[in-house]
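Here is my note on the model. Please read the points with the structure open.

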Amino acid sequence: FKNSKKRGDAGLGIAIAWFTDEGRTVSIPLTDSQDYDLVVDIDKRLYRVQVTTCDQKQKRGRYVVELRTVSYGGKDYNIKHFDSTTVDYLFVVTGDGTKYLIPVEVF
């Protein structure tokens, strides 16, 4: 993808398809002001899921996941770091299509 916004949109779609294929009910928040991208019903409990994508690899061939969002507003950059207290899972989609569902307890 030519920009990170389009890559993020694709990652969100992949996450929705993956959870749905797993038999989970997926809800999408109405706004983009919260720290999570999806709410997923797993065994009658709701979980907040943040979706991220990465296509940058280290020299050893491992993907690098940046746990921050950088946005540009006029003359300034706004950096928002990942906050593990506001989500339950991180869903990662790599450039080769591999998917990871990571509980925040590992952070």
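1. Burial. A residue is called buried when its relative accessible area is under 20%, exposed when it is over 50%, and partly exposed in between (1.4 Å probe, protein chains only). Tyrosine 47 has 15% relative accessibility, so it counts as buried. Across the protein chain, buried residues make up 24% of the 107 residues.

2. Basis. This is a predicted model, in which local features need pLDDT of at least 70 and side-chain atom pairs count only at pLDDT 80 or more, while totals for chains, interfaces and linings use all residues. Numbering runs from 1 along each chain as its sequence is written, and side-chain values use heavy atoms, with hydrogens and water left out.

3. Fold. Helices (H or I, at least four residues) and strands (E, at least two) are DSSP runs, numbered from the N terminus. The order along the sequence is α-β-β-β-β-β-β-β. The radius of gyration is 14 Å, close to the 13 Å from the globule rule for 107 residues, so the protein chain is as compact as a globular protein of that length. That radius is taken over C-alpha atoms, and the rule is 2.2 Å times the number of residues to the power 0.38. Along the principal axes, the C-alpha atoms fill a box of roughly 45 × 35 × 25 Å.

4. Contacts. A contact means heavy atoms within 4.5 Å. Of the contacts in the protein chain with a separation of 6 or more, 38% join residues 24 or more positions apart.

5. Aromatic pairs. Rings of Phe, Tyr and Trp (its six-membered ring) pair if their centres lie within 6.5 Å; planes under 30 degrees apart count as stacked, over 60 as edge-to-face and the rest as tilted. The count is four aromatic pairs. Phenylalanine 19 and phenylalanine 91 form a tilted pair, 5.5 Å centre to centre with 45° between the planes. Phenylalanine 19 lies in helix α1 (residues 4-21) and phenylalanine 91 in strand β6 (residues 89-94), so to speak distant parts of the chain, 72 residues apart. Both phenylalanine 19 and phenylalanine 91 are buried.

6. A second pair. How are the rings of tyrosine 47 and tyrosine 89 arranged? Their centres are 5.4 Å apart and their planes are at 70°, so the pair is edge-to-face. This pair also links distant parts of the chain: tyrosine 47 is in strand β3 (residues 45-54) and tyrosine 89 in strand β6, 42 residues apart.

7. Cluster. Ring pairs link Trp18, Phe19 and Phe91 into a cluster.
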